[in-house]
Structures are given as structure tokens and as C-alpha cells.
Amino acid sequence: HGRHMIILSSLFGLFVAAFVAATIVPFQSEVVFVALQVSGHVPVVWLVVVASIGNTLGAVVNYVIGRGITRFESKSWFPATPAQMARAEGWFQRWGIWALLVSWLPVGDVMTVVAGVMRTPLWLFLVLVGIAKTTRYVGLALITAGIIG
């Protein structure tokens, strides 16, 4: 029972860290991921699966924010000027939905918000962001294991 509780609590903590890290809240999930991998208490496959799901679902929060954000553009407290929003939307239009494949980068949070603004179909958003986030954690696991890098 004790080992199972360690695994479950570790996976829950990783899920929360990965979820929050994908939102516009400044947070990093890599430290939690690597610490759990190095501890050896949780199979790495579960770490990748849970972190990928948490990080992808966190990006959905940004997408939803993007879907509703334009109604606030005229407010004085809105964090971006109309020109900045137009530039971000133009960038997304130029690179298209494929920009979501690098949503794991630090600027990825903005791209996931813009994907919502641009009304990217949710299923397509989930597929592309899911691929990006999973690839990121697979790479991190391989680097931590010393297999690459």
C-alpha cells in the first residue's frame, strides 16, 4: 500500500505541476518530472503519460481564455494593445496551426491563447499540442536517463 500511495501522490503532484506550467502562470514542471524520474519510484512511462496529459489540459485553459479574450480588448486593463494582438494573430496566420507543434517552448503559452482567439478547432488543437507536449516529456526523459544529450 505504501508504494502505491507514493506512486499515486507523485503522479498527482506531477499532473498539477504540468497543468499549471502550461497555463499563463509562470511555473516549470521539468524539475518535478526529473526529480521523480531520478527517484525511480514511478515508472518513466507513467511520468510521460501523466505530464503530457496535464500539460495538454493546462494548454486548453489558455485556449479557452483565447476564445473569450477578444471581448475584453477595449478594456483599459487588457494586457495587450490592439496592435500587439494583431501582430500575434498575424504570426499565427503566417505559420498556421503548425506553430502549435512548438507549444512546449516558453512562447508556447501565447500561441495556445492565440489558437483560441483564431478559433482553431479544439480537436486539432488537442492533437497538435498533445504531440508537442508528449514529445517534450519523452525528450526530457531520454536526456535525464542519459540516452541522448
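Start by selecting Gly108, which sits in helix H5. Helices here are DSSP runs of H or I with at least four residues, strands are E runs of at least two, and both are numbered from the N terminus. Before going on, note that this is a predicted model, where local features need pLDDT of at least 70, side-chain atom pairs count only at pLDDT 80 or more, and totals for chains, interfaces and linings use all residues. Residues are numbered from 1 along each chain as its sequence is written, and side-chain values use heavy atoms, with hydrogens and water left out.

**Stop 1: Gly108**

Is Gly108 buried or exposed? Gly108 is buried, at a relative accessible area of 0%. (Buried means under 20% relative accessible area, exposed over 50%, and partly exposed in between, using a 1.4 Å probe and protein chains only.) Show its surroundings: if you skip residues up to four places away in sequence, Gly108 touches Val102 and Ser103. Contact means heavy atoms within 4.5 Å. For a distance to draw, pick the C-alpha atoms of Gly108 and Val32: they are 76 residues apart along the chain and separated by 20 Å.

**Stop 2: zoom out**

Now colour by secondary structure. The protein chain has 6 helices and 0 strands, so to speak an α-α-α-α-α-α pattern along the sequence. Its C-alpha trace spans about 55 × 30 × 25 Å along the principal axes. Of the 149 residues, 40% count as buried. Take the contacts between residues at least 6 apart in sequence: 73% of them join residues at least 24 apart.

**Stop 3**

Select Tyr63, which is found in helix H3. Tyr63 is buried, with a relative accessible area of 4%. Which residues does Tyr63 contact, leaving aside neighbours within four places in sequence? They are Thr112, Ala115, Gly116, Thr120, Pro121, Leu122 and Phe125. Draw another C-alpha line, this time from Tyr63 to Val107: the two are 44 residues apart along the chain, and the line is 14 Å.

Stay in helix H3 and move to Thr56. Thr56 is buried too, with a relative accessible area of 9%. Setting aside neighbours within four places in sequence, Thr56 is in contact with Leu126, Val129, Gly130 and Lys133.

**Stop 4: H1 against H3**

Show H1 and H3 together. Their axes come within 7 Å and cross at roughly 35°. Axes are lines fitted to C-alpha atoms, for helices over the stretch in contact, and angles run from 0 to 180 degrees between N-to-C directions. The crossing of H1 past H3 is right-handed. Ala, Val, Leu, Ile, Met, Phe, Trp, Tyr, Cys and Pro count as nonpolar, Asp, Glu, Lys and Arg as charged, and the others, Gly among them, as polar.

**Stop 5: H1 against H2**

Keep H1 and bring in H2. These two pack at an angle of about 160°, with their axes 9 Å apart. That is why H1 and H2 are roughly antiparallel to each other. Angles under 35 degrees count as roughly parallel, over 145 as roughly antiparallel, 65 to 115 as roughly perpendicular and the rest as oblique. H1 passes H2 in a left-handed crossing. Pick Ser10, Leu14 and Ala17 in H1, and you will find them meeting Val32, Phe33 and Leu36 in H2. That contact divides into 5 nonpolar, 1 polar and no charged residues.

**Stop 6: H2 against H6**

H2 (residues 30–39) and H6 (residues 122–144) pack at about 45°, with axes 10 Å apart. That makes the pair oblique. Their crossing is right-handed. Glu30, Phe33, Val34, Gln37 and Val38 in H2 meet Arg136, Tyr137, Leu140, Ala141 and Thr144 in H6. The tally is 6 nonpolar, 2 polar and 2 charged residues.

**Stop 7: along H6**

Finish on H6 by itself. Its buried residues include Leu124, Phe125, Leu128, Lys133 and Arg136. What covers the buried residues of H6 includes H1, H2, H3 and H5.

How values were computed. A crossing is left-handed if the near helix is turned anticlockwise from the far one by less than a right angle, and right-handed if clockwise.
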